[in-house]
Amino acid sequence: MSARTLTVAAIQCPLGGPRARNIARIEGHVRDAAARGARVILPPELFEGPYFCREEKSEHFAGARSVDDDEAIARMRIVARELGVVIPVSFFERSGNVYYNSVAIVDADGALLGVYRKSHIPDGPGYEEKFYFRPGDTGFRAWPSRHGVFGVGICWDQWFPEAARAMMLLGAEILLYPTAIGSEPHEPDLDTRDPWQRAMIGHAVSNVVPVVAANRVGDEGEQRFYGSSFIADHRGEKLAELGRDDEGILVAQLDLDLLARARASWGFFRDRRPELYDVLTTADGRVRK
């Protein structure tokens, strides 16, 4: 029996231009990644425009779209079907009078598998997402695609071990994190790049699963996005990484059967004690009988 191998890719690029130009830029990188054998290709968070959440301005709500009306989703469905690739498409979703930070999962035949809405919404200088987004109501998901089963968390989600573990319990074989992260306007000397990477590498090790993170680069107003997109294996070793200013794609091949055996042999899921974890379902750590 042949091994189940899968080549994954992450896209890193500047996204400060208009919507049509950004979509075209991402499409070009998707095509390059597919030409290098990638079958699951991850663009950065909210790639249709600049990261507008650095400030609270009501005019940015006009950029939101429904799933059926979003230009990037429509274009990537065509590209995915043509190339036979899976593309998680990050977009600013409008659903009635409610707005979400969402990812539409486009399968390799162009079909829309569904939408994940960002669960953890940050709020702070330069990342004022609570002004725009309602916390997601989809719950965490594992998406069975034509090229494997993967979980997707969005940016701030990537700091939460509970999110990674939930996606793994649902059957994810890979964890994907589209991201928009960089400098901290209120603390110019604070560099979060290394902790950002370490948090996700921790998920890789404690869940015995590869992790793919895609970030943007470049200056957007008072923020500079630090790139550093990477793919880590189940041991936390970086298989590929881009620098702080690079534009391009990362590609890595994974052996899904080997990963499944490694996950079983480590015993993390065998030795879990969910009956002892009631405290994790509380906000303040007090278990009420």
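I take helices and strands as DSSP runs, numbered from the N terminus; a helix needs at least four residues (H or I) and a strand at least two (E). The model is predicted.

Entry: Is Leu280 buried or exposed? I read 56% relative accessibility for Leu280, so it counts as exposed, the cut-off being over 50%.

**Entry: β1 and β16.** I turned to β16, residues 248–255. Six of the eight residues in β16 are buried, so I noted the strand as mostly covered, with buried meaning under 20% relative accessible area. Strand β1 (residues 5–12) runs antiparallel to β16, and eight bridges join the two.

**Entry: the three-stranded sheet.** Which order do the strands take in the open sheet of three? I found β3-β4-β5, with antiparallel pairing. β3 (87–95) and β5 (112–117) are the edge strands, each pairing on one side only. From one strand to the next, the twist averages 30 degrees.

I followed β3 into β4 (residues 98–106). The two run antiparallel and are joined by nine bridges. Arg94 stands opposite Tyr99 in β4.

Last, I looked at what packs on this sheet. Helix α2 (residues 71–83) does, and it touches β3, β4 and β5. I noted an angle of about 155 degrees between the directions of α2 and β3.

Conventions: Residues numbered from 1 in each chain as written. Predicted model: local features only at pLDDT ≥ 70, side-chain atom pairs only at ≥ 80, totals over all residues. Heavy atoms only, no water. Buried < 20%, exposed > 50% of the residue type's maximum accessible area, 1.4 Å probe, protein only. Pairing = 2+ DSSP bridges. Axes fitted to C-alpha atoms, helices over the stretch in contact; angles between N-to-C directions. Contact = heavy atoms within 4.5 Å.
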